[in-house]
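Thanks, everyone, for making the time.

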Amino acid sequence: MSPEQMHPLQRYWALAAAPIQAEALSAALALGIFEPLAEPRTPDELAAQLDLDSRNTAHLLELLWGMGLLERSARLAVDHIGGSVTVYGLAEVGRAYFLAVSPTWSGDAWRYREARLRQAAGLLRDQVRQGAQAEGGQALERMAEQWAAAARGQLAQDQHAATVPAALEIVSRLPEFAAATNLLDLGGGPGWVAIELARRQGGLSGVVFDFPEAVTVAAENIAAAGLADRLSVLGGDVAVDAIGSVGGSDYDLIWCSSVLHFVPDTEAVLRKILAALRPGGALICAHAEICDEPAAAAEVLQYYLPMLMQGRHVGHRGDMAAVLRRIGFCRIETFASALFPMAPLQVVVARKVA
Ligand SMILES: C[S@@+](CC[C@H](N)C(=O)[O-])C[C@H]1O[C@@H](n2cnc3c(N)ncnc32)[C@H](O)[C@@H]1O
């Protein structure tokens, strides 16, 4: 049905109903419903296995099927007299992202996002009335610890499920990638982007820069991946500390995704990036920008409004490219990438003059 055929109130009613779908997924994760459904089962079989109410298990499975997480099919009844019974199994998306044994398991990342957004929604009214609450002196330290915890949890899951495949796709468009030797993954958290780029391109060495607490996680992952001879870590605050080099040589590729929203002065960090690149080197920056088209703007804002209300930076479409041009980057390309699970991100590739 096209949007013109929908009742104008439908999208607002859908907002009121969204917590039911969110809770259905939340309950499925909490009750461990996806694991047994790796093999198709009837609602009765599943309910018996997990000690659940049979009737309401059937209702929940029907909604999860409607949400695209499960597949539904008919199976001949055991006694062959009662015709067929309905069985539910995992759909592709359920198997890839919500089965705990999957390498792209994203259950914790989804739960984290859902809880954070619910919490942020609860603050919104007061933030509009009173503005952002001032953060105390311990704020940066606490934030660095929270990012380190994220690097062990939801951020690693996000990287395996989305950021790494997106990064591999994005660099495959870049003529510079095949010849790149020195990479910086700026604000790289657990470091999986650097690790997978290094695996893809055997001539690549590099550095993962992040808060000291977070890069210890990256260092562990690099060691476990057997790449400690090519990748190292550097801990610091990008707003104040130097961002290093590879063995004294400038970087020829800098990857920076979803980091600059968190720094107080984006332009200052971009100037630092420009200085750290060798002539002809490229920055790839993936980040959210607010679009001019209303529905697309709402899609971005539903995730980033809480950050804006805390006083963080989220620019409008084209802002980042304009700053990069102004401070001296050249050959700037911009495109939207839908390979990220929240709203599409803007990808800006910008080069230092050769
Ligand atoms: C949203 S995560 C993105 C991580 C990674 N780039 C990705 O796309 O998966 C933001 C990262 O930026 C790092 N970060 C934020 N502010 C920073 C700062 N001032 N200095 C160093 N790292 C920072 C955080 O620790 C975190 O790892």
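Predicted model: local features only at pLDDT ≥ 70, side-chain atom pairs only at ≥ 80, totals over all residues.

If we leave out residues up to four places away in sequence, I254 touches L184, L186, I273, A276, L277 and L283. As a general background remark, nonpolar side chains in soluble globular proteins tend to be buried together.

L64 takes us to helix 3, where it is buried along with T57, L60 and L61. Why do these residues fall on the same side of helix 3? They do so because they cover an arc of only 100° around the axis. On the other side of helix 3 we find R55, N56, H59 and G66, which are exposed. As for what the buried residues of helix 3 pack against, the partners are helix 1 (10–30), helix 2 (43–50), strand 1 (70–76) and strand 2 (84–90).

The geometry of helix 3 itself is as follows: it runs over residues 54–66, 13 residues in total, and from its first C-alpha to its last it reaches 19 Å, which is close to the 18 Å expected at 1.5 Å a residue. Just after helix 3, G68 adopts a positive phi of about 85°.

Let me turn now to L123, which sits in helix 5, residues 107–130. Is L123 buried, exposed or partly exposed? With 14 other C-beta atoms within 10 Å, L123 is partly exposed. The C-alpha atoms of L123 and P306 are separated by 8.5 Å, although the two residues are 183 residues apart along the chain.

Finally, the overall picture. The chain contains twelve helices and nine strands, and it is divided into domain 1 (3–97) and domain 2 (108–352), whose centres, taken over C-alpha atoms, are separated by 36 Å. Along the principal axes, the C-alpha atoms fill a box of roughly 75 × 50 × 40 Å. Of the 354 residues, 32% count as buried, and among contacts with a separation of 6 or more, 67% are accounted for by residues 24 or more positions apart.

Technical notes. Residues numbered from 1 in each chain as written. Contact = placed C-beta atoms within 7 Å. Helix = DSSP H or I, 4+ residues; strand = E, 2+ residues; numbered from the N terminus. Expected span 1.5 Å × (residues − 1). Buried ≥ 20, exposed ≤ 12 C-beta atoms within 10 Å, placed from the backbone. Arc of directions from axis to C-beta. Domains from an automatic or database assignment.
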